[in-house]
Amino acid sequence: MNKKKIAILGSTGSIGTQALDVIEQNPDLFEVEVLTANSQFELLIQQAIKFKPNAVVIVNDDHYDHVYEALDPLGIKVYAGRKALDQIVQMGSIDMVLTALVGFAGLSPTLEALKAGKAIALANKETLVVAGELVMATAKKYNAPIIPVDSEHSAIFQCLVGEEHNPVEKIILTASGGPFRTKSLEEIEKASLNEALNHPNWSMGSKVTIDSATLMNKGLEAIEAKWLFGLKPEQVEIIVHPQSIIHSLVGFADGSLKAQLGLPDMRLPIQYALGFPYRIPSNSKRFSFTDFPNLNFEQPDLDRFPNLRIALECMQKAGNMPCVMNAANEVAVDAFLNEKISFTDISRIIEKTIVNSSFLSTPDYQDYIESDQEARNRASSFIY
Ligand code: NAD
Ligand code: MG
């Protein structure tokens, strides 16, 4: 079997580094063709020295000289800037692009990769939140598969293998509930940055960790699931499951539910996506029911976690509203990470941005770009 040549967009992040672990464990199956990073140029250089890709992109071009001096002598091509991401994903030798970068920045390179017919291992959920209809239509047009990496969507995808003839009645996305699951509204009002960053089950990048604390992450995932699996909003249910063992479920017309279970470890869904349709042997720690005698479930509380309510409303409204919400959320989370606003300000800013934005029912690519930029400006004006 030929080795699968992988491009990792965002190789220095939480998903990117875990993907490199998987590739390192499976040198007969995978080869790194491209690595990209936003600004962590030192780690990018180290990764490139180790994995010897054909090319790297450092998006922040302040660091270009550094990266060039380190990697050019090794015969590794070095590019800089955002446009370089759009171009590099089209490289003929790439078999699969893992989108492990964070936020709206994933949209453009994902579309370009799809247009070049590349298989996508999709971690960057914001791409589907912002422009799911366009992304799925592009994938269909160019016959390019999208394999989810997000653990819940990987679970659903795995449950659907072999069910091509059976319509889905509903899906149930599980949510850990985050660090504030049992906290009162008063306590959440006072939540510090460190408390919000302290996720009970997963160690992830800072943006998705805050999204998990506000439950925006589950709202983004509901929208992601709607597009990936071609569902109506009413077919997407959410249940809080604090142990994060059941990664999600699918319900069928006969009343059957299928679930995928395992210990919370992102390397599993990453390697499933990279290896699909084959399951790759792994010596990861095995799940034991006796270690988890209680698996609990509860309804999400939309009053204490208004971001989830907002996201579900935007999923219903559709059009450019998820794009507007996503932009406002990116700005607000960034402000919270920089300790400029409080935890509960995040949803206030998103809500104010949405109320002041105009609705477009059938946006095209340019509309998404403009909606995103306008929403960012508006959200920022509520902060500074
Ligand atoms: P991270 O912050 O740890 O890493 C982000 C990566 O993207 C870094 O390599 C960074 O250099 C790059 N990057 C950041 N901004 C960029 C920009 N503007 N342009 C180009 N590159 C940029 O993030 P992460 O936790 O690895 O998450 C990546 C994506 O995967 C997110 O969309 C997240 O929601 C999703 N996801 C993450 C996890 C997880 O366990 N970390 C689980 C499920 C889904
Ligand atoms: Mg997830």
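In the predicted model, helix α12 buries Pro-269, Ile-270, Gln-271, Tyr-272, Ala-273, Leu-274 and Gly-275. This helix spans residues 267-275 and is mostly covered, with 7 of its 9 residues buried.

A further part of the model is an open sheet of 4 strands, arranged in the order β9-β8-β10-β11 with mixed pairing. Strands β9 (236-240) and β11 (257-261) form the edges, each of them pairing on one side only. From one strand to the next, the twist averages 20°. Within the sheet, strand β8 (residues 168-175) pairs with strand β10 (residues 246-252) in the antiparallel sense, and the pairing extends over 5 bridges. Ile-172 has Leu-249 of β10 as its bridge partner. Helix α11 lies across β8 and β9 and runs at about 155° to β8.

Helix α11 (residues 216-228) also meets helix α10 (residues 206-214). Two packed helices are described by the angle between their axes and the distance between the axes. The axes of α10 and α11 come within 5 Å of each other and cross at roughly 100°. On the α10 side the contact is made by Lys-207, Val-208, Asp-211, Ser-212 and Thr-214, and on the α11 side by Met-216, Asn-217 and Leu-220. By type, the residues of this contact comprise 3 nonpolar, 3 polar and 2 charged.

Asp-211 and Lys-207, which both take part in the contact of α10 with α11, also meet through their side chains in a salt bridge with an N to O distance of 2.8 Å. The two residues lie in helix α10, 4 residues apart, or about one turn of the helix. An α-helix has 3.6 residues a turn, so residues three or four places apart point the same way. Asp-211 and Lys-207 are both buried.

A salt bridge is likewise formed by the side chains of Asp-345 and Arg-348, with 2.8 Å from N to O. Asp-345 and Arg-348 are 3 residues apart in helix α15 (residues 345-355), and are therefore separated by about one helical turn. Asp-345 has a relative accessible area of 24% and so is partly exposed. Arg-348 is also partly exposed, its relative accessible area being 40%.

The salt bridge between Lys-125 and Asp-150 has its closest N and O atoms 3.0 Å apart. This pair links distant parts of the chain, the two residues being 25 residues apart. Lys-125 belongs to helix α6 (residues 125-141), whereas Asp-150 is in the loop between β7 (146-148) and α7 (151-160). Both Lys-125 and Asp-150 are buried. Lys-125 and Asp-150 also belong to a network of salt bridges that links them with Glu-152, Lys-218 and Glu-221. In total, the structure holds 20 salt bridges, among them the pairs Lys-125 with Asp-150, Asp-211 with Lys-207 and Asp-345 with Arg-348.

Methods
Residues numbered from 1 in each chain as written. Chains lettered and ligands numbered in written order. Predicted model: local features only at pLDDT ≥ 70, side-chain atom pairs only at ≥ 80, totals over all residues. Heavy atoms only, no water. Axes fitted to C-alpha atoms, helices over the stretch in contact; angles between N-to-C directions. Contact = heavy atoms within 4.5 Å. Nonpolar A, V, L, I, M, F, W, Y, C, P; charged D, E, K, R; others polar. Salt bridge = Lys/Arg side-chain N within 4 Å of Asp/Glu carboxyl O. Buried < 20%, exposed > 50% of the residue type's maximum accessible area, 1.4 Å probe, protein only. Pairing = 2+ DSSP bridges.
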